[in-house]
Amino acid sequence: MTMQRRVFMINVATSTCAMGMASMVRAAGLPLVAENEPTAVNLHYKADATQVKHAKYRPGQACSNCMLYQGKPTDPTAACGIFPGKHVAGPGWCTAYVRRA
Ligand code: SF4
């Protein structure tokens, strides 16, 4: 194995490990948005969309099928661009909802 190939393999392994660690931190380390936080109140965020009483809400809408939900639709929680540094609940909803294409 040439030195260049060895360095390349080390870089790939290091990058892969760093990406895995980042996703683990993202999944485990972020607190959930509280419904009484100012941004959550302003956007009528609820962790359970079935409890939403807002004219804009339509049944079936949920964070897990919103374009801003940064997890897989099956993830119970995920980051959302509206709430930096926090996770929202997959079954949640807020007035910034945009249907995922
Ligand atoms: S923007 Fe979308 S994912 Fe974020 S809280 Fe609102 S409905 Fe949920």
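Q: How do the residues of the shell around the ligand divide into nonpolar, polar and charged?
A: In this predicted model, the shell around the ligand has 12 nonpolar residues, one polar and no charged.

Q: And which ones come nearest to the ligand?
A: Out of the 13 residues around the ligand, the nearest are Cys-63, Cys-66, Cys-80, Cys-94 and Tyr-97.

Q: OK, what about the largest nonpolar core, which members touch the most others?
A: That core has 17 residues, and the ones touching the most other members are Val-33, Cys-63, Tyr-69, Cys-80, Val-88 and Trp-93. Cys-80 turns up here too.

Q: Which strands supply at least two residues of that core each?
A: Both β1, residues 77-80, and β2, residues 83-89, do that. The largest share comes from β2, with three residues.

Q: Why would nonpolar residues gather like that?
A: As a general point, nonpolar side chains tend to be buried together in soluble globular proteins.

Q: How much of the protein chain counts as buried?
A: The figure is 23% of its 101 residues.

Q: Switching topic: what pattern does the chain follow along the sequence?
A: Reading along, you get α-α-β-β. That's two helices and two strands.

Q: Do the strands run parallel or antiparallel, and how many bridges join them?
A: β1 and β2 run antiparallel, with four bridges joining them. One of the pairings is Thr-77 with Ala-89 in β2. The two strands form a hairpin, with two residues between them.

Q: Now the loop between α2 and β1. Where does Thr-74 sit, and is Thr-74 buried or exposed?
A: Thr-74 is in that loop, between α2 (38-42) and β1. Thr-74 and Ser-64 are 10 residues apart in sequence, with their C-alpha atoms 7.1 Å apart in space.

Q: What about His-44, where is that found?
A: His-44 is also in the loop between α2 and β1. His-44 has 16 C-beta neighbours inside 10 Å, so it counts as partly exposed. His-44 also has a positive phi, about 55 degrees, although it is not a glycine.

Q: What happens over residues 7-26?
A: pLDDT stays under 50 there, and the model has one contact beyond four places in sequence for that stretch. Where pLDDT is low, the predicted coordinates should not be read in detail.

Notes:
Residues are numbered from 1 along each chain as its sequence is written. This is a predicted model: local features need pLDDT of at least 70, side-chain atom pairs count only at pLDDT 80 or more; totals for chains, interfaces and linings use all residues. A nonpolar core is a set of buried Ala, Val, Leu, Ile, Met, Phe, Trp, Tyr and Cys residues joined through C-beta atoms within 7 Å. A residue is buried if 20 or more other C-beta atoms lie within 10 Å of its own, exposed if 12 or fewer, and partly exposed in between; C-beta atoms are placed from the backbone. A residue is near a molecule or strand if its C-beta atom, placed from the backbone, lies within 6 Å of it. Ala, Val, Leu, Ile, Met, Phe, Trp, Tyr, Cys and Pro count as nonpolar, Asp, Glu, Lys and Arg as charged, and the others, Gly among them, as polar. Two strands pair if DSSP finds at least two bridges between them. pLDDT is the predictor's confidence in each residue, from 0 to 100. Two residues are in contact if their C-beta atoms, placed from the backbone, lie within 7 Å.
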